[in-house]
Amino acid sequence: MRNKLVTSVSAIALLVPAVAFADMNNSGSEQTPPAESSENYTMDDLSEDAGDAVDATGRAIEEGAEDTAEAIDNAVDGETTLRTSAEVMAPGHMSADASLGTDIRGSDGETIAELYDIVVPKEDDARAILGHSGVLGVAERYTAVPFSELTKETVDGEATLTYAATVEDLEARQAFVYEQDEAEDNAEVLAATSTSLRNLDGTSVSNPAGDQIAEITDIYVDEAGKPAHAVLTSDAILGLGGKQVALDYERLSFEQGAGGPVVSLTKEQIEAAPDLNLEADASLGVQ
């Protein structure tokens, strides 16, 4: 850093007399040459100006970091209340982990797609991303539909999801892609401000001190697809075991610059909390 500063100061020092010389050549013969200003501009002045510039840059960087820290503090301010299994699995709530990959039945009762993802825009309703027209279980195309238009039904004792459409209807709609370079003509691209619940699975969560305390292992959504609760697992080994707790999804902060979700919680609080008993696989967590 010091070497760069010295180099910058040297470069500025070379430019000062050059600018003064150019001004002298462009001035009229009867005008007083402005070269005297450069003669009066000493190295001490130059050092002082360079120091002021460095200080200003440092203040700008520090203020930017403070703004990010303040945003994170505001988002995680206050005590985080851990939720019980009954609260997480409230009527109408559904486990994203258990429901992703579930077959979607169409208006004719046949399977037309699978629920590939749930995408939550920052200021809009949740979208269900349906994967369809695939071969050997690999979706070739995705279509986004309002999550609220999915109907939860019980067929042969199992909870299922239905959507009033056919495969042909889905294929005729605008495609959904996750990356711009994958886009078909007029395809809908995942917005930078939207959150993919599929991508959140396994994401590390830190506290405001920067300590990693757990990872997200499930998100429970309400009937409109809006995230209601986040399930965190601490000290899992290869995805197995560990301590599970749940909290309100809104307690997670996703401020840019934080490096991942942040929550006002410690590992000790997680260890001291009662363990959850969530058995959602058989019913998609729909109560």
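The accessible surface of the protein comes to about 16,900 Å², and 47% of that area belongs to carbon and sulfur atoms. The model is a predicted one. Its chain has 287 residues, of which 35% count as buried, and it contains 8 helices and 15 strands. Among contacts between residues at least 6 apart in sequence, 55% join residues at least 24 apart.

In soluble globular proteins, nonpolar side chains tend to be buried together. Here the largest nonpolar core has 36 residues, and Leu130 and Ile219 have the most contacts inside it. Elements giving two or more residues to this core are the strands β4 (111-120), β5 (127-132), β13 (212-221), β14 (227-234) and β15 (243-248), together with the helix α7 (197-200). In one of them, Arg127 pairs with Glu188, with the closest N and O atoms 2.9 Å apart. This pair links distant parts of the chain, since Arg127 lies in strand β5 and Glu188 in strand β10 (residues 188-189), 61 residues apart. Arg127 is partly exposed, because its relative accessible area is 22%; Glu188 also counts as partly exposed, at 22% relative accessibility.

The closest N and O atoms are 3.5 Å apart between Arg83 and Glu87, and 2.8 Å apart between Asp248 and Arg83. Asp248 is in strand β15 and Arg83 in strand β1 (residues 82-83), 165 residues apart. Asp248 counts as buried because its relative accessibility is 16%, under the 20% limit. Arg83, at 24%, counts as partly exposed, and Glu87 counts as partly exposed at 31%.

Methods: Residues numbered from 1 in each chain as written. Predicted model: local features only at pLDDT ≥ 70, side-chain atom pairs only at ≥ 80, totals over all residues. Heavy atoms only, no water. Core = buried A, V, L, I, M, F, W, Y, C linked by side-chain atoms within 4.5 Å. Buried < 20%, exposed > 50% of the residue type's maximum accessible area, 1.4 Å probe, protein only. Helix = DSSP H or I, 4+ residues; strand = E, 2+ residues; numbered from the N terminus. Contact = heavy atoms within 4.5 Å. Areas by Shrake-Rupley, 256 points an atom, 1.4 Å probe, with all protein chains shown as cover. Salt bridge = Lys/Arg side-chain N within 4 Å of Asp/Glu carboxyl O.
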